Amino acid sequence: MKLKTIALLGSTGSIGSSTLEIVKKTKKFKVILIAANKNYKKILLQIKVFNPKIVIVNDNKVYLKLKKIKKNKKITILNNTVNLNQYLKKIDITVSAIPGLAGLKPTLTFIKLSKKILLANKESIVCGWQLIKKEAAKYNTEIAPIDSEHFSISELTKRHTNNEIEKIYITASGGPFLKFNRNQFNKIKPKDAIKHPKWTMGKKISVDSATLMNKVLELTEAIKLFPFNSHKYEIIIHPQSLVHAIVEFKNGTTYFLYHIPDMKIPIANALFGGEINYSKYFKNTSIKKLSRMSLEFSPIDKKKFSALRLIPEMNKGNSAPIIINAANEIFVNEFLKNNIHFNDISSYLNLVLKDKSYIKTSNMPFNSIKNIYKIDTWARNLAYKIITKNN
């Protein structure tokens, strides 16, 4: 049987590592390309194990180092995606998992080169869905989300219309500080915020999970991805992280999708179009876990997790998501460097909305990547000004 070709953008991150684990176990795919930033040892290991045809390295020092030691003519090492089509035929599947807005441009490039894109980069959808949708239609490329929540919504709402659905709930574990009161938040250190109780993720997304900003982005992503009214979505707390979405139908029935907190499950299902015997390759402890614990659901304390107050602004249909996402990336990064407090992330995001130029900038057109980056740059500069002024 001919192996399907796969390209992996963000190969050294948690999504990338999970995807490569599936590739290695199932032996149904040929890794044709990997793209990463600067994890030299991991990139080198991935080259050795998967023997990709093309390796793209963003960090220039790592790129030059790899070029020096990898003189095998069968491997092409690049530091950008310019003129990639001269090296590649149409790829069966590309997994787009580069974090942050940095993932948008590569995603748009690989839409032209791929039959199917598995999107794990919520920031690209939140900020550039209009461009992604347009390019996907132009090149007849299928787009499939692989965040556990959106995978679940997709599965639960198949063959159902907007008129049949009463409510769609996106679940949040509440992160490591669910039991904290607001007064304790200023004592939170980066090393505590990156210790998610259920998921193994990168630092940035772990902090977003702790502030619940991750859920704000996911809700916005869902509104863009699915043809359902925005007012039907709601975020609720579910500490066990076993149920990822719940759909309440008007006929009185409610369905939820349950799986252990392991990204390999939505990724594997997306790779195989749902036709995979998962337990053949990986241990699946879902029923055992369910028998040992109860499933809890509760509303969110918006005073404690004030990031949720940004939801109306994120979904006005203007450039606000680009601004809020960019400023949040800066604030999270500065928190991880111990330059600001944990509480500052959400309070500084509110200051962004109060800036005198915010309304004008949020109403700028976002129909080109040039404009998106222009708005993004403005927001990042403003975020640094706010930090300087308030520290």
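Modeller: We may, bearing in mind that this is a predicted model. Let us begin with helix α14, residues 320–336: its 17 residues, at 1.5 Å a residue, should span 24 Å, and its end C-alpha atoms are 24 Å apart, which agrees.

Biologist: Why is α14 said to be largely enclosed by the rest of the structure?

Modeller: The general idea about a helix comes first. An α-helix has 3.6 residues a turn, so residues three or four places apart point the same way. In this case, 15 of the 17 residues of α14 are buried, so the helix is largely enclosed by the rest of the structure. Just after α14, Asn338 takes a positive phi of about 70 degrees.

Biologist: Which element gives the most to the lining of the largest cavity?

Modeller: Helix α15, residues 342–354, gives the most, with three residues. The residues that line this cavity include Arg182, Lys304, Phe342, Asn343 and Ser346. By class, the lining has four nonpolar, four polar and two charged residues.

Biologist: What is the volume of the second largest pocket, and which residues are the closest to its centre?

Modeller: The second largest pocket holds about 360 Å³ of space. It is lined by 16 residues, of which Glu142, Ala144, Pro145, Ser154 and Glu155 are the closest to its centre. The elements that give two or more residues to this lining are β7 (142–145), α6 (148–157) and α10 (264–271). Of these, β7 gives the most, with four residues. By class, the lining has eight nonpolar, four polar and four charged residues.

Biologist: Let us finish with a single residue. Where is Ser173 placed, and is Ser173 buried or exposed?

Modeller: Ser173 is in the loop between β8 (165–172) and α7 (190–193). Buried means under 20% relative accessible area. Ser173 counts as buried because its relative accessibility is 11%.

Biologist: Which residues does Ser173 touch, leaving aside those up to four places away in sequence?

Modeller: With those left aside, Ser173 touches Leu178, His196, Ile237, His238, Pro239 and Ser241.

Conventions. Residues are numbered from 1 along each chain as its sequence is written. This is a predicted model: local features need pLDDT of at least 70, side-chain atom pairs count only at pLDDT 80 or more; totals for chains, interfaces and linings use all residues. Side-chain values use heavy atoms; hydrogens and water are left out. Buried means under 20% relative accessible area, exposed over 50%, partly exposed in between (1.4 Å probe, protein chains only). Contact means heavy atoms within 4.5 Å. On a 1 Å grid over the protein atoms alone, a cavity is a set of points where a 1.4 Å probe fits but cannot get out, and a pocket is an open set with protein on both sides within 12 Å along at least five of seven lines; lining residues have an atom within 4 Å of a point. Grid points are joined across faces, edges and corners, and a volume is the space filled by probe spheres set on the points. Ala, Val, Leu, Ile, Met, Phe, Trp, Tyr, Cys and Pro count as nonpolar, Asp, Glu, Lys and Arg as charged, and the others, Gly among them, as polar. The expected span of a helix is 1.5 Å times one less than its number of residues.
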